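Please read it alongside the sequence and the coordinates.

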Amino acid sequence: MTKDHGPSIKDDDTYEALREDGASKEKAARIANAQASASQSPSEKGGKARAYEEWTKDALYERAQELEIDGRSDMSKDALIEALRKN
């Protein structure tokens, strides 16, 4: 029988299965609660942002500026992409 984990866990069966598979309490709770919500689908891919290669150099520079990447003013487009991916 499934244990009741209280109001913070929305799907006790999923939570227990994830914990038995070695997931942390936080991760198991996050996934179990997302699966219990009709508005969320945790197995689907996340964002729909375009690939950095499709961005302009100016847009890449602005993003690097937001993330405070050092040396961005001297970087080429490829270098900006690499720095953004590492960050």
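From the N terminus on, the elements of the chain run α-α-α-α, which gives four helices and zero strands. Helices (H or I, at least four residues) and strands (E, at least two) are taken here as DSSP runs, numbered from the N terminus. The model is a predicted one, in which local features need pLDDT of at least 70 and side-chain atom pairs count only at pLDDT 80 or more, whereas totals for chains, interfaces and linings use all residues. Residues are numbered from 1 along each chain as its sequence is written, and side-chain values use heavy atoms, with hydrogens and water left out.

**Confidence and overall surface**

The mean pLDDT of the chain is 82, and 77% of its residues reach 70 or more, pLDDT being the predictor's confidence in each residue on a scale from 0 to 100. Where pLDDT is low, the predicted coordinates should not be read in detail.

The accessible surface of the chain comes to about 6700 Å², and 45% of it belongs to carbon and sulfur atoms; such areas come from the Shrake-Rupley method with a 1.4 Å probe, and for residues only the protein chains shown count as cover. Of the 87 residues, 23% count as buried, where buried means under 20% relative accessible area, exposed over 50%, and partly exposed in between (1.4 Å probe, protein chains only). Of the contacts in the chain with a separation of 6 or more, 18% are accounted for by residues 24 or more positions apart, a contact being heavy atoms within 4.5 Å.

**Nonpolar cores**

Which residues make up the largest nonpolar core? This core consists of ten residues in all, namely Y52, W55, L60, A64, I69, M75, L80, I81, A83 and L84. The elements that give two or more residues to this core are α3 and α4 (77-86), and α4 gives the most, with four residues. A nonpolar core is defined as a set of buried Ala, Val, Leu, Ile, Met, Phe, Trp, Tyr and Cys residues joined through side-chain atoms within 4.5 Å. Leaving aside its neighbours within four places in sequence, L84 is in contact with Y52, L60, R63, A64, L67 and I69. A second, separate core has six residues, including Y15, A23, A29 and A32.

Helix α2 also holds A34, which counts as buried at 9% relative accessibility.

**Salt bridges**

Side chains of opposite charge can pair when their charged atoms come close. With a salt bridge taken as a side-chain nitrogen of Lys or Arg within 4 Å of a carboxyl oxygen of Asp or Glu, the count comes to five; the table lists some of them.

| Salt bridge | N to O distance |
|---|---|
| R30 and E26 | 3.3 Å |
| E66 and R63 | 2.8 Å |
| K86 and E82 | 3.2 Å |

R30 and E26 are separated by about one helical turn because they are four residues apart in helix α2, and E26 counts as exposed at 59% relative accessibility. E66 and R63, three residues apart in helix α3, are likewise separated by about one helical turn; E66 is exposed at 56%, whereas R63 is partly exposed at 30%. K86 and E82 both lie in helix α4, four residues apart, with K86 exposed at 65% and E82 partly exposed at 45%.
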